[in-house]
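Trainee: I would like to learn how to read a structure. Please take me through one.

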Amino acid sequence: MAGTPVSVIEDEKALPQNASSRHQAETPAKSAALKSAHRKVDPRLLIWYSFVYLIMRMHVSNISNAAIMNLEQGDGIKEQLGNLSSSQWAWCLSIFYYPYLFFEPLANLALKRFSPSVWMSRIMVSWGIVSMCQGATQNYAGLLATRFMLGACEAGFYPGVLYHLSFWYPTERLPLRIGFFYACGMFSGTISGLLAYAISFMNGTAGLAGWRWLFILEGMPIILCGVYTFFFLPNYPENNKILTGEERDAILADLPEQAPSMKSKTFNLEQVKDMFRSPSFIPFTCIWMFHGIGAFGITFVLPTVIYELGISNTAISQVMTMPPSTLNFLFLVIVAYFIHMKKLSPWIAGLGIELMQIICYVLLITVKPATARYVFVMIAFAGSQSFYPIIWPERIRATRGTTSAGLAIGMTNGIAQLMGIVGPQLYQPKFGPNYHVSYSSSIGLISVSLLSICTSWYFVRRDDRKRRNEMLDDASSIDDLKVEEYQEKA
């Protein structure tokens, strides 16, 4: 990550209508310093996080790939661990998300307390070790234990990245960055499917089944990433040595007053109270909960759903998980770009994505040809994975202060982990191969998410008007004070 390559995602000309007036007063020198700073920070912070997220998402999805590896040879994971039932397998998927639900709300406070480089490296190293341990499990209890510990080790990475970025960038510069970061993680499905296909041919090597090799080989790289992160990840603008003084000042001046800051207290009780009092808190929570359960359920069993379409065998089904992930990557980057350039409202994009998913699930219930259903599965998958990163900047913008931002991001993402707890139960193999019960449930849950989006949008717009009026009142008061001082001198 050395050097200062030009950022592939920066476009300083794109600013929202509600941007602070400080942007309008930027001098050419300050604008140039800010661009220079972002060219240095983006590769070391955003691009690195995106690369790590790609690897880590492979760990999340590899359990789904393992579910159908080498079934024809009788060496499948379910058979070797005691002929796991549909319910037992659903629990193996679900238990990963329980520690997320409990640990993520506090994980961001730990990041602020110990510094991002220390906390993130801890996550990566422990995650990699436990991920490899999955390959040594011998029974149902062992897989449950390693899956639970895997979730406990990884909890905090995704919300931690969002929280860390908010120390460096104002929310109007986040849509494309978060979209790119998230899209890289979702692109992992393309690589994971290809790796699962290749590793399936290692079945029997050194006496180990293919699914064991999958866990072992995919766990190694993230440990090395953790070591690099400890030494080279930038922590905060205030103490970063790669920036010049002018570049550091430009980044700090670009941040709004309510943005998280290195110098702020880790825990501020008043900010916590304000967060819970905010009228948008509950609607945002409902969005993350109902979209997570309704839309993400299919993502946890994608290889199985594709396999049960009857188009191909298990090896080819692994490869067929690649197009949905690729489509998701392209779709999310394109939508995030249009939002970044102010060609599209994130709220309109979010509503459109939810409606698109509902239509896909209706068609999956009614359409019979397997090829057509595969196309609708692809579209539904891309929509489910693209929604959160589009709305995240609006969620962050609704917070005020270091503690409020950290807890709100952690709690919101924590409640979304119900998707991993309920989603696999909703898409159990016993509901296949048609999954009519699963698709119908998803339609109802996403419909509630639609109503929550509209409610959140209303409260955020109302808060925006309130903030603008406060700024105008403050400016008017300053002008009146100057007039009084001038009259007194006269």
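**Reading the model step by step**

Mentor: Start with Ser64, which counts as buried because its relative accessibility is 8%. This is a predicted model. Ser64 sits in helix α1, residues 28-66.

Trainee: How far is the C-alpha atom of Ser64 from that of Thr299?

Mentor: The two C-alpha atoms are 8.9 Å apart, although 235 residues separate Ser64 and Thr299 along the chain.

Trainee: How many helices and strands does the protein have?

Mentor: There are 21 helices and 0 strands. Of the 490 residues, 56% are buried. Take the contacts with a separation of 6 or more: 85% join residues 24 or more positions apart.

Trainee: What should helix α18 span, given its 28 residues?

Mentor: Helix α18, residues 370-397, should then span 40 Å, and its end C-alpha atoms are 43 Å apart, which agrees. Look for a bend too. A kink of about 35° lies at Ile391, shortly before Pro393.

Trainee: Is α18 mostly covered or mostly uncovered?

Mentor: Mostly covered: 23 of its 28 residues are buried.

Trainee: Now charges. How do I read a salt bridge?

Mentor: Side chains of opposite charge can pair when their charged atoms come close. The count here is 7 salt bridges. One of them joins Arg173 and Asp254, at 2.7 Å from N to O. Arg173 lies in the loop between α7 and α8 and Asp254 in helix α11, so the pair ties together parts 81 residues apart in sequence.

Trainee: Is Arg173 buried or exposed?

Mentor: Arg173 is buried, at 2% relative accessible area. Asp254 is buried as well, at 3%.

Trainee: What about Glu270 and Lys273: where do they lie?

Mentor: Both are in helix α12, 3 residues apart, which means about one helical turn between them. Glu270 is partly exposed at 45%, and Lys273 is partly exposed at 34%.

Trainee: Which residue pairs with Arg397 at 2.6 Å?

Mentor: Asp464 does, in a salt bridge. Arg397 is in helix α18 and Asp464 in helix α21, 67 residues apart. Both are buried. Glu394 joins Arg397 and Asp464 in a network of salt bridges.

Trainee: Last, the surface. Which residues make the nonpolar patch of about 610 Å²?

Mentor: Phe114, Val118, Val227, Phe230, Phe231 and Phe232 make it. Helix α10 gives the most, with 4 residues. Phe232 lies in that helix. Phe232 counts as exposed because its relative accessible area is 52%, and the cut-off for exposed is over 50%.

How values were computed:
Residues are numbered from 1 along each chain as its sequence is written. This is a predicted model: local features need pLDDT of at least 70, side-chain atom pairs count only at pLDDT 80 or more; totals for chains, interfaces and linings use all residues. Side-chain values use heavy atoms; hydrogens and water are left out. Helices (H or I, at least four residues) and strands (E, at least two) are DSSP runs, numbered from the N terminus. Buried means under 20% relative accessible area, exposed over 50%, partly exposed in between (1.4 Å probe, protein chains only). Contact means heavy atoms within 4.5 Å. Patches are made of residues with over 30% relative accessible area and no salt bridge: like charges are joined within 9 Å, nonpolar side chains (Val, Leu, Ile, Met, Phe, Trp, Tyr) within 5 Å. Accessible areas come from the Shrake-Rupley method with a 1.4 Å probe; for residues, only the protein chains shown count as cover. A salt bridge is a side-chain nitrogen of Lys or Arg within 4 Å of a carboxyl oxygen of Asp or Glu. The expected span of a helix is 1.5 Å times one less than its number of residues. The bend at a residue is the angle between axes fitted to the seven residues ending there and the seven starting there.
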